[in-house]
Amino acid sequence: MLFNSDARGDGCSRTTAGPGLTRFLAGFALAFAVAGCGPSSSLAGPAGGDGESPGKAEKTRTVVSKSGYDVTPLSKEEVARLAKKLDPNSYRVTQHAGTEPAFCGNLLDNKTDGVYACVVCGLPLFTSDHKFNSGTGWPSFTREIDPAHVSRKTDASHDMERVEINCARCGAHLGHVFTDGPAPTGERHCLNSASMKFLEKGAPVPAESQPVKLETAYFAAGCFWGVEHWFERGPGVLDAVSGYMQGSAGKPTYEEVSSGRTGHAETVKVVYDANRITYRRLVEAFFAMHDPTQRDRQGPDVGTQYRSGIWTADGQQRKVAEAVIRELADRKAYGEKPIVTAVEPSKEFWPAEEYHQEYIARTGAFCHVKNPW
Ligand SMILES: [Zn+2]
């Protein structure tokens with residue numbers, strides 16, 4: 001028997017549009033470390049009263065599929081939050097591996113061009129290019145839009161051994177895949193309409209169903225250890241790298257930069273998904289993280305390599321950075337003290353030595369900056 005279900009449906013019902021996806025990180029306690037960068041201590045280290053719990057600060061490394069989508073597995077809490085917005089039928093199918101009755105799903109006979117996305121998290125899963133009429137009563141496809149978007153696992157329920165398919169990002173139950181499909185794959189991906197929402201070709205695509213839009217920003221806010229640590233944990237940030245910028249010599253070493261003679265500033269390169277976090281939000285985080293009224297120093301770290309700076313990639317970034325500085329000054333965010341942050345066009349970024357990367361996460365050291373998220 002070739003079917004994908006236990007067929008304990010609750011009648012034919014329509015799926016509704018899925019919820020928007022706003023990824024969030026588990027709430028952190030604010031870390032107000034006042035000292036400079038140093039080894040772990042009771043002041044603000046992982047066990048410190050004012051430091052954040054390292055467990056809560058953990059961020060799963062972002063995974064981007066070959067087709068350019070963020071497929072980092074969502075936390076259980078995030079999936080629960082998204083699933084709350086589903087209609088009862090979609091909830092039952094996606095969260096409890098349910099199956100809609102055959103010939104009932106609203107996408108079975110859909111012949112419009114477009115993309116079939118996960119009803120829970122919005123990740124594109126299948127396209128109309130691979131849809132075919134299998135005659136089984138469930139929407140059928142010869143392949144996924146990208147194999148990294150649909151995970152497979154053995155399903156031994158109902159005295160059968162089948163291959164269950166799930167959304168790779170949120171784990172939603174989608175259906176099963178069988179080996180009796182047409183060429184070229186020979187596969188039949190048997191789906192529940194209730195697990196998917198259809199995005200018609202040419203219609204606006206919601207943010208959660210779009211590929212990542214990679215952009216880069218550069219910030220100098222004193223010792224880069226803590227700055228990298230907190231930017232790395234920003235929602236929508238894919239990577240943060242410690243390095244050196246705005247100096248004269250190429251390929252500077254830490255020792256050369258520390259001498260203050262090369263003109264470099266310790267800088268963090270932030271690669272982010274512009275669909276999920278704005279450059280403005282990053283600039284705001286930068287100002288929340290450090291004290292931009294200290295000239296050529298942060299906390300106990302003194303020298304031009306610790307200066308406060310925003311190194312802009314283009315004119316648009318410059319406009320945003322200058323606007324945020326104006327707003328902070330206008331509302332006297334730092335009292336009468338002027339903001340001394342430099343805003344300059346970015347020069348070449350030189351990644352710092354490997355032992356500086358992810359220093360806080362690896363060593364439990366603390367730093368002068370605070371959690372801006
Ligand atoms: Zn999903």
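**Entry 1: the whole chain**

Among contacts between residues at least 6 apart in sequence, what percentage join residues at least 24 apart? I found 72%, where contact means that two C-beta atoms, placed from the backbone, lie within 7 Å. I noted that the model is predicted: local features need pLDDT of at least 70, side-chain atom pairs count only at pLDDT 80 or more, and totals for chains, interfaces and linings use all residues. Residues are numbered from 1 along each chain as its sequence is written.

I recorded 8 helices and 17 strands; these are DSSP runs numbered from the N terminus, helices being H or I of at least four residues and strands E of at least two. Buried residues make up 43% of the 373 residues. A residue is buried if 20 or more other C-beta atoms lie within 10 Å of its own, exposed if 12 or fewer, and partly exposed in between, with C-beta atoms placed from the backbone.

**Entry 2: the sheet**

I traced an open sheet of 6 strands in the order β16-β15-β10-β12-β11-β17, with mixed pairing. Two strands pair if DSSP finds at least two bridges between them. The edge strands are β16 and β17 (350–351), each pairing on one side only. Strands β10 and β15 run antiparallel and are joined by 4 bridges. Phe219 has Ile310 in β15 as its bridge partner.

**Entry 3: the core**

I then looked up the largest nonpolar core, which has 43 residues. Such a core is a set of buried Ala, Val, Leu, Ile, Met, Phe, Trp, Tyr and Cys residues joined through C-beta atoms within 7 Å. Phe219 is one of the residues that touch the most other members. Leaving aside residues up to four places away in sequence, I listed its contacts as Val227, Thr267, Val268, Val270, Phe286 and Ile310. A second, separate core of 36 residues includes Trp138 and Phe141.

**Entry 4: helix α7**

I checked the length of α7: its 16 residues should span 22 Å at 1.5 Å a residue, and its end C-alpha atoms are 22 Å apart, which agrees. The expected span is 1.5 Å times one less than the number of residues.

Which residues of α7 are buried? I noted Gln317, Val320, Ala321 and Val324. They cover an arc of only 95° around the axis, so they lie on the same side of α7; the arc is that of the directions from the helix axis to the C-beta atoms. On the other side, Gly315, Ala323, Arg326 and Asp330 are exposed. What covers the buried residues includes β10, α6, β15 and β16. Just after α7, Lys332 takes a positive phi of about 50°.
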